[in-house]
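Open the model in your viewer and follow the stops below in order.

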Amino acid sequence: MTERHRVIKVWRTLWVKTAAMGYTRGQTDPSLAVANSAAAPRQAIWLEGEIVRLIKRAWRMGYRGLAALLAAAWDSQLSPIDLRSLATGQRADDLHGAIFALARAKTNRPAAGSLGKRATRLLDAYILSLGFELLPNAPIFRTRGSGTTSKGGKPHQPSPYSKNKLGFDFRVVRAAEFGPSESRQLADIRRSGTVEATAGGVSAQAISTKMANTLAASTRLQQT
């Protein structure tokens with residue numbers, strides 16, 4: 001929400017309360033003449049080479065779960081919320097790599113998150129590095145955990161990523177690789193793949209099927 005939208009919202013709330021107390025004398029709220037249009041959608045994108053840099057940086061910094069998640073995000077075009085819930089029990093493999101069958105959290109539409117060979121190898125290397133076996137319904141992507149601290153604190157085992165922790169770790173790695181002024185988000189990866197597919201001549205229907213959304217029927221989504 002932009003500052004303009006916030007001002008209009010606050011004004012209209014105050015006007016309703018004032019009118020309820022009889023102070024407006026039947027006058028019409030003047031802010032109704034101001035169009036409260038929707039905020040412009042995000043248009044930021046990542047390039048494949050930049051994602052590769054983030055993946056390598058995350059792995060070197062010990063954020064192996066994040067590195068594997070980034071690779072899966074680029075190949076599968078799944079949203080962060082869907083990636084956080086992926087489990088080994090949803091996985092199948094073909095000649096090209098891993099495929100995860102799921103229902104998208106936002107739309108509940110069935111989706112297939114497919115990974116290429118390179119992303120699949122990274123995913124397998126990450127799972128092997130955990131040092132413990134994942135249950136079929138346990139989330140795959142986890143924090144890096146911590147060993148015993150210098151003050152004798154208890155070690156923390158890698159735990160499934162929460163929304164806030166995933167965003168925090170991503171920002172740490174992003175700043176390390178691209179500097180503190182970089183503002184592109186993890187969620188922008190999903191849009192980036194769509195831009196590349198569109199530039200490569202893939203139809204809106206095919207992209208909509210891959211992403212399990214309404215892209216093919218939504219002009220606004222296609223413009224975004």
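How much space lies in the second largest pocket? About 290 Å³, a pocket being an open set of points on a 1 Å grid over the protein atoms alone, where a 1.4 Å probe fits, with protein on both sides within 12 Å along at least five of seven lines. The volume is the space filled by probe spheres set on the points.

This is a predicted model, in which local features need pLDDT of at least 70, side-chain atom pairs count only at pLDDT 80 or more, and totals for chains, interfaces and linings use all residues. Residues are numbered from 1 along each chain as its sequence is written, and side-chain values use heavy atoms, with hydrogens and water left out.

Select Pro-80, Lys-163, Gly-167, Leu-186 and Ala-187, which lie nearest the pocket's centre among its 13 lining residues (an atom within 4 Å of a point). Helix 6 gives the most to this lining, with 6 residues.

Next, go to Asp-169 in helix 6. Asp-169 is buried at 1% relative accessible area (buried means under 20%, exposed over 50%, partly exposed in between, with a 1.4 Å probe and protein chains only).

Now select Arg-118 and Glu-48, a salt bridge with the closest N and O atoms 3.3 Å apart (a side-chain nitrogen of Lys or Arg within 4 Å of a carboxyl oxygen of Asp or Glu). Arg-118 is exposed at 55%, while Glu-48 is partly exposed at 37%.

Move to Glu-50 and Arg-184, whose side chains form a salt bridge at 2.8 Å, N to O. Glu-50 is buried at 16%, as is Arg-184 at 14%.

Technical notes:
Helix = DSSP H or I, 4+ residues; strand = E, 2+ residues; numbered from the N terminus.
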